[in-house]
Amino acid sequence: MKRRIIAAAALATFSFATIGANALPLMESNNDKIEVVAKADREEIKYEELPEDVKTAFEESQYGEWDVSKVYKVDVDSQTQYELTITDGSQSGILAFDESGNMVQ
């Protein structure tokens with residue numbers, strides 16, 4: 001019971017702390033403590049600000065004709081990735097690329 005209360009309090013604290021910070025902490029429970037395992041910082045950028053390798057990879061992919069509605073630069077564990085929110089009529093999705101233009105999951 002004590003673990004559940006501590007976990008709930010910690011989760012609530014992390015939730016309120018990240019609402020305005022654009023950060024998504026991934027947490028792992030280890031007995032009576034919760035550790036932040038990874039932290040992703042997101043920054044919205046313009047499509048034109050993407051590295052050329054990322055733009056080329058997207059445009060040459062099967063989704064290259066889809067519309068890009070949002071682009072985020074995401075730093076995960078000291079690695080930069082780019083997330084593109086794309087739409088095509090009634091379908092939508094998110095593609096992620098590393099700095100070299102390789103698609104990541």
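This is a guided tour of one predicted protein model, stop by stop.

Before starting, note that residues are numbered from 1 along each chain as its sequence is written. In this predicted model, local features need pLDDT of at least 70, side-chain atom pairs count only at pLDDT 80 or more, totals for chains, interfaces and linings use all residues, and side-chain values use heavy atoms, with hydrogens and water left out.

**Whole chain**

Select the protein chain and colour by secondary structure. There are two helices and six strands. Helices (H or I, at least four residues) and strands (E, at least two) are DSSP runs, numbered from the N terminus. In sequence order the pattern reads α-β-β-α-β-β-β-β.

Now show the surface. The accessible surface of the chain is about 7500 Å², and 47% of that belongs to carbon and sulfur atoms; such areas come from the Shrake-Rupley method with a 1.4 Å probe, and for residues only the protein chains shown count as cover. Of the 105 residues, 26% count as buried. Buried means under 20% relative accessible area, exposed over 50%, and partly exposed in between (1.4 Å probe, protein chains only).

Among contacts (heavy atoms within 4.5 Å) with a separation of 6 or more, 36% are between residues 24 or more positions apart.

**Salt bridges**

How many salt bridges does the structure hold? There are two. A salt bridge is a side-chain nitrogen of Lys or Arg within 4 Å of a carboxyl oxygen of Asp or Glu. Side chains of opposite charge can pair when their charged atoms come close.

Select E83 and R42. Their closest N and O atoms are 2.6 Å apart. This pair links distant parts of the chain, with E83 in strand 4 and R42 in strand 2, 41 residues apart. E83 counts as buried because its relative accessibility is 17%, while R42, at 25%, counts as partly exposed.

Next select K55 and E52, the pair whose closest N and O atoms are 3.1 Å apart. They sit three residues apart in helix 2, so about one helical turn separates them. Is K55 buried or exposed? K55 is buried, with a relative accessible area of 13%. E52 is exposed, with a relative accessible area of 53%.

**E44 in strand 2**

Select E44, which lies in strand 2. With a relative accessible area of 48%, E44 is partly exposed. Leaving out residues up to four places away in sequence, E44 touches K70, V71 and Y72. Then draw a distance from E44 to L84: the C-alpha atoms are 10.0 Å apart, and the two residues are 40 apart in sequence.

**A patch of negative charge**

Which residues gather in the negative patch on the surface? Select D41, E43, E48, E49, D75 and E99. Patches are made of residues with over 30% relative accessible area and no salt bridge; like charges are joined within 9 Å, and nonpolar side chains (Val, Leu, Ile, Met, Phe, Trp, Tyr) within 5 Å. Asp and Glu count as negative and Lys and Arg as positive, with His and the chain ends not counted. The place of a charge is NZ of Lys, CZ of Arg, CG of Asp or CD of Glu. One member, E49, is in the loop between strand 2 (33–45) and helix 2 (52–60).

**The loop with D77 and S78**

Last, select D77, in the loop between strand 3 (67–76) and strand 4 (79–88). S78 is found in the loop between strand 3 and strand 4 as well. Most residues other than glycine have a negative phi. D77, which is not a glycine, has a positive phi of about 50°, and phi of S78 is near 70°. S78 counts as exposed, at 81% relative accessibility.
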